Amino acid sequence: ARRDADFDSNVRQMIRRAKSRGVPLLVMVPPLNRTEAPVNLPAPMKNPRFLAAYLTYLRGDDKAAPGEFDAAIKLADAPSPEELHYHAFYKARSLARAGRGEDAAHAYEEALRHAALDRCSPICQERLRVIAKEEGAPVADVEAAFPKASGLDAFDDAVHWRDAYNPVLSAALVRAIPGTSPSAAPTGKRPPPTSEEILKTL
């Protein structure tokens, strides 16, 4: 709760100070690679039910693993947020390997609801949208422009998107600049604008 309050306060102060000095700004909602977002804590390997399900996952039995993860969490006595996260996270990975993309996307979202990430989470993303609206700042919602449940098809690692998605980022930024028309936003058919070109539109 303290970290959330500090996050809100810091974002609001940055927006207000920029506005008070006449500095143009955009609030960017960054994209999140859901498939590479485990919590920064050890997995609950001392939980025998989780360990059994995890071993099934490691063996590649993606037919049985999701059900084992579900059963393990149902039988857990007051599971911690970390346990809830890891059960959903590896269930999602197993579902994804089995080609059940929609089910995997839901499981990844469930995992993130219990995650305390060391980078922008869905909670942080939503707070950025709300704070920007309350403070009257334009929003470049890059997350909304990326594929849902984005994974390694869009990212090189946990946080860095592939160069092919730079036009997606550029388009979201340009559309968010007050006074620009949607037609000014770049597409994948032409290179994104340079920083000098973007500054000329401010």
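T35 is buried, at a relative accessible area of 14%; buried means under 20% and exposed over 50%, with a 1.4 Å probe and protein chains only. This is a predicted model, where local features need pLDDT of at least 70 and side-chain atom pairs count only at pLDDT 80 or more, while totals for chains, interfaces and linings use all residues. Residues are numbered from 1 along each chain as its sequence is written, and side-chain values use heavy atoms, without hydrogens and water.

**Around T35**
- T35 sits in the loop between β1 (27-29) and α2 (48-58).
- Helices are DSSP runs (H or I, at least four residues), as are strands (E, at least two), numbered from the N terminus.

**Helix α2**
- F50, A53, Y54, T56 and Y57 are buried in α2.
- Viewed down the axis of α2, its buried residues fall within an arc of 155°, so they line one face of the helix.
- The face of α2 turned away from its buried side carries exposed P48 and L58.
- N47 caps the N-terminal end of α2, with a side-chain oxygen 2.9 Å from the backbone nitrogen of R49.
- G60 follows α2 and has a positive phi, near 85°.

**The whole protein**
- The protein has nine helices and two strands.
- Of its 202 residues, 35% are buried.

Technical notes: Arc of directions from axis to C-beta. Polar contact = N/O pair within 3.5 Å; in protein donor to acceptor, adjacent residues only side chain to side chain.
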